[in-house]
Amino acid sequence: MREIVTVHAEVLVIGGGGAGLRAAIAAAESGARVALLSKVYPMRSHTVAAEGGAAGVAQPEDDLEAHFRDTVAGGDWLCDQSAVSYFVAHATAELTWLEHHGCPWSREPDGRVAVRKFGGMKRARTWFAADKSGFHILQTLFHTALALPSIDRFDEFFCTGLLVHDGVCHGVMALRISTGEPYLFLAPSVVLATGGAGRVYRFNTNGSIVTGDGLAMAWRAGLPLRDMEFVQVHPTALPGSGVLITEACRGEGGILLNAEGRRYLQDYGLGPETPPGQPRNKTMELGPRDRLSQAFWHEQRAGRTVPSPRGDAVHLDLRHLGAERLAERLPLICSLSEKHVGIHPKDAPIPVRPAVHYTMGGVPTSVDTSTAISGLYAAGECASVGLHGANRLGSNSLAELLVFGRAAGERAAARARAGAPPPPGSALGHAREHLCAIQALRAKKGTVRLAELRDAMGSIMDECFGIYRLGPDMERGLSRLVELRESWSDLELRDASERFNTELIAALELSCALDVALAIGASAAARKESRGSHQRLDAFSVRDDERFLAHSLVDYAESGVPAIRYGPVEITSYPPEERVYGGEAQVGDS
Amino acid sequence: MTVLEIQRYLPESDQAPRWQRYEVEGEPAWSLIDALGYIKDHVDPTLAWRASCRMGMCGSCGVLVDGVPRLGCEVFLRDLPDRPARIAPLAHLPVERDLMVDTEGYLRRLRAVEPWLQPSDADPVGPVGERLQTPAQQAKYLETAQCIGCMLCYAACPQVAVNEPFLGPAALAAAHRYLSDSRDHGHARRGSVQGLQGVWGCTLVGTCSEACPKGVDPAAAIQREKVRGALSFVPSLFVRGEDD
Ligand SMILES: Cc1cc2nc3c(=O)[nH]c(=O)nc-3n(C[C@H](O)[C@H](O)[C@H](O)COP(=O)(O)OP(=O)(O)OC[C@H]3O[C@@H](n4cnc5c(N)ncnc54)[C@H](O)[C@@H]3O)c2cc1C
Ligand code: SF4
């Protein structure tokens with residue numbers, strides 16, 4: 001086998017999206033020598049696609065307690081409340097920090113930062129840069145990182161596994177995509193910031209690189225994955241492509257109409273109807289995402305959706321906002337809609353339908369981002385710090401990347417300073433075997449086609465683990481997933497080349513996605529209640545705090561259906577209540 | 001059915017790039033990236049390109065479509081001509097494999113203009129500690145801040161082909177973005193921006209702005225920096241007038 005290249009660093013960050021870049025900057029500013037690994041150039045990471053904005057209390061009539069309560073209620077009480085408290089207390093400072101580094105947040109006429117309304121948030125507190133918030137955040141972070149000489153970037157390096165021995169993480173194994181060379185990165189601290197896993201489903205809003213690699217690597221290294229059954233379905237994406245049409249459209253006053261032209265959300269406990277263009281927090285179109293996606297499902301069953309060439313849809317009407325406001329606040333939406341469905345939103349409503357969007361679950365961490373493996377930290381969408389519970393509120397995750405990315409970078413740098421033992425020889429032997437096995441995959445013989453396996457996985461996930469779930473469907477899906485995962489080892493690969501062998505990368509991504517799909521499936525089938533994004537239509541259609549006010553933990557299994565355990569949810573000050581939206585949510589409000 | 005002629009180059013086995021013809025059973029609403037995916041899935045798993053977000057934001061998927069630099073995710077099969085379309089890697093940049101070109105050169109040029117805010121603590125701040133900036137002040141740089149680094153402008157610029165040290169449209173637009181930001185005080189970066197490797201290397205053909213999918217208008221940014229550079233020879237009064 002080819003010689004392994006070894007790289008030493010103090011802090012190793014896996015992932016160049018918002019969380020990874022923020023962690024790298026924080027670690028570098030704490031004095032650590034950082035190696036930043038990413039399978040794509042950092043500015044290509046999927047944070048770039050985020051449109052709507054990032055939450056942080058900014059207005060005098062708003063306060064941290066309100067942000068805390070919205071987040072906990074939005075998460076259907078499955079949030080760890082000390083993580084939520086930490087988050088809301090640090091979000092605004094992080095958004096301001098980004099401003100100091102150049103982020104062009106949209107402004108009020110007097111020069112202050114502007115905030116917009118977002119679903120499930122009682123007050124306007126979402127900072128935005130038109131409808132390209134993620135892009136500007138990522139750009140600002142990337143540019144800031146370019147200024148720091150102690151960050152060494154390893155762009156287009158594909159991480160294949162964590163080097164963990166006796167509960168300590170010593171580094172990672174990786175493949176340099178441009179040459180196919182095997183690499184070993186050694187460091188006392190490793191930050192996992194590899195993003196979510198939306199691509200385990202077929203119809204989703206995620207980029208093709210969002211395949212859950214980090215989740216699978218942590219799982220294989222012995223950590224459980226937490227709350228994996230909670231997958232957010234965004235109510236508004238373009239039929240066919242799944243391109244996201246941001247919630248900010250509704251925050252700015254857009255309305256949703258069924259085939260009969262009715263504002264159907266009022267029929268799902270989200271009314272009373274608000275005048276078009278005058279959105280009211282937590283009401284109608286600004287209800288939480290899970291409720292809106294569920295409403296679509298019912299409308300579709302009732303035959304009240306609009307047929308479109310690429311699938312049933314409802315109409316998102318923005319016409320009343322006027323051309324000028326659309327151009328100022330939602331320029332990307334206008335161009336996406338024109339290019340992909342040939343409709344300018346000033347002239348006609350946009351057809352939209354729900355699509356898988358966000359993985360609430362992930363690698364369990366404490367509030368300080370540490371995991372149960374010493375030296376391993378996790379932040380961003382791959383982590384489950386306890387912020388989102390059973391349903392994430394839109395605009396909380398971009399702020400999460402900054403708050404917990406920074407915390408991870410600082411913690412990782414502190415551990416590196418304190419010094420950690422070098423990896424034992426046996427760990428290095430294990431790394432060598434791992435890298436050898438990957439080299440042997442090129443042009444491997446087999447009978448299973450990669451695309452067929454990938455699509456079969458996605459279809460099962462769409463069918464059995466979507467907006468609504470049924471016990472028998474989930475059991476069927478689960479056994480299918482077990483089979484599909486096994487058949488990965490019989491893949492046929494045909495590209496024997498070393499340089500930019502993207503077929504090999506796709507095969508490695510698929511093996512990760514299959515693991516994550518199974519973790520989602522097993523966690524979903526075991527949760528016999530309905531909460532947040534996990535909604536069942538069988539005998540378990542209501543929330544059951546008695547038995548399931550608990551985090552699910554799925555343990556790794558080489559084969560078969562993995563076992564599920566439950567762990568406690570931390571409740572500090574806000575005991576469970578019923579989630580209320582629409583008119584009822586306004587009671588007692590000024 | 002759509003026919004594509006794709007430029008192939010496998011560095012381990014090809015002496016030189018070659019053309020390969022593929023037939024795609026696609027829908028009119030498919031993007032070129034969907035079509036490449038179809039080829040990889042059903043016809044030829046060795047075809048390589050970069051792509052991710054499929055919504056024109058990640059900047060990965062620039063290619064030449066019949067010689068014109070485009071984002072692959074913004075070209076739809078319905079828009080292709082009846083004859084076979086020719087898909088090639090972006091011009092003026094070293095080809096790594098198939099449709100993938102070298103990105104390092106662009107990033108080196110970008111880094112050379114120090115594309116990060118160089119602020120001053122003396123600037124007035126708002127209620128949450130943000131530096132105040134009115135929409136009018138923001139408008140001076142917002143257009144150039146939209147650059148996604150797709151390098152289409154490098155493929156369109158004749159100077160990039162002949163003047164190796166030339167920083168090129170996107171890097172110079174990034175310099176202009178920060179130099180035009182009321183919160184920035186990094187005037188030292190002008191050193192790299194003026195001169196023949198900088199704005200004075202531009203011969204004003206304007207093809208970069210035509211190619212740009214994000215309306216960045218690098219040609220206009222370069223012209224404004226030329227004016228700013230020329231003005232810096234006259235008393236500082238004028239410079240302040242340009243900067244506010
Ligand atoms: C279309 C869309 C719009 C959104 N809009 C909003 C919004 O308005 N507000 C909000 O709060 N949230 C929004 N979200 C959610 C939010 O954008 C994401 O949760 C967040 O950007 C994830 O950031 P991250 O840093 O964790 O991961 P990512 O940005 O996905 O980055 C992951 C990084 O890990 C690297 N990586 C992954 N696997 C490997 C590997 N095997 N080896 C090496 N590197 C690897 C990748 O290269 C990448 O650099 C949106 C999401 C989508 C999909
Ligand atoms: S200036 Fe335009 S064409 Fe050039 S890299 Fe930036 S976005 Fe692409």
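These notebook entries record what I looked up in a predicted model.

**Entry 1: nonpolar cores**

I began with the largest nonpolar core, which has 160 residues. V11(A) and L4(B) have the most contacts inside this core. I then looked up which element gives the most to this core, and found helix α10 of chain A, residues 396-418, with 10 residues. I also noted a second, separate core of 82 residues. F158(A), L223(A), V231(A) and F500(A) are included in that second core.

**Entry 2: contacts of L4(B)**

I next listed what L4(B) touches, not counting residues up to four places away in sequence. Among the residues it touches are L32(B), A35(B), I39(B), L80(B) and I87(B). Q20(B), R21(B) and Y22(B) are also touched by L4(B).

**Entry 3: the two domains of chain B**

I recorded domain 1 of chain B as 2-101 and domain 2 as 104-243. The centres of these two domains, taken over C-alpha atoms, are separated by 31 Å. Across the boundary, 16 residues of domain 1 are in contact with 15 residues of domain 2. I noted that the two domains bury about 1,100 Å² between them, with 70% of it on carbon and sulfur atoms. P69(B), H92(B) and L93(B) supply 45% of the area that domain 1 buries against domain 2, more than any other three residues.

**Entry 4: surroundings of ligand 2**

Finally, I examined the shell around ligand 2. The residues surrounding ligand 2 include C147(B), C150(B), C153(B) and C212(B). The shell divides into 11 nonpolar residues, 1 polar and no charged.

Technical notes
Residues are numbered from 1 along each chain as its sequence is written. Chains are lettered from A and ligands numbered from 1 in the order in which they are written. This is a predicted model: local features need pLDDT of at least 70, side-chain atom pairs count only at pLDDT 80 or more; totals for chains, interfaces and linings use all residues. Side-chain values use heavy atoms; hydrogens and water are left out. A nonpolar core is a set of buried Ala, Val, Leu, Ile, Met, Phe, Trp, Tyr and Cys residues joined through side-chain atoms within 4.5 Å. Buried means under 20% relative accessible area, exposed over 50%, partly exposed in between (1.4 Å probe, protein chains only). Helices (H or I, at least four residues) and strands (E, at least two) are DSSP runs, numbered from the N terminus. Contact means heavy atoms within 4.5 Å. A residue is near a molecule or strand if one of its heavy atoms lies within 4 Å of it. Ala, Val, Leu, Ile, Met, Phe, Trp, Tyr, Cys and Pro count as nonpolar, Asp, Glu, Lys and Arg as charged, and the others, Gly among them, as polar. Domain bounds come from an automatic or database domain assignment. Buried area is the accessible area (1.4 Å probe) that two parts lose on being put together, summed over both.
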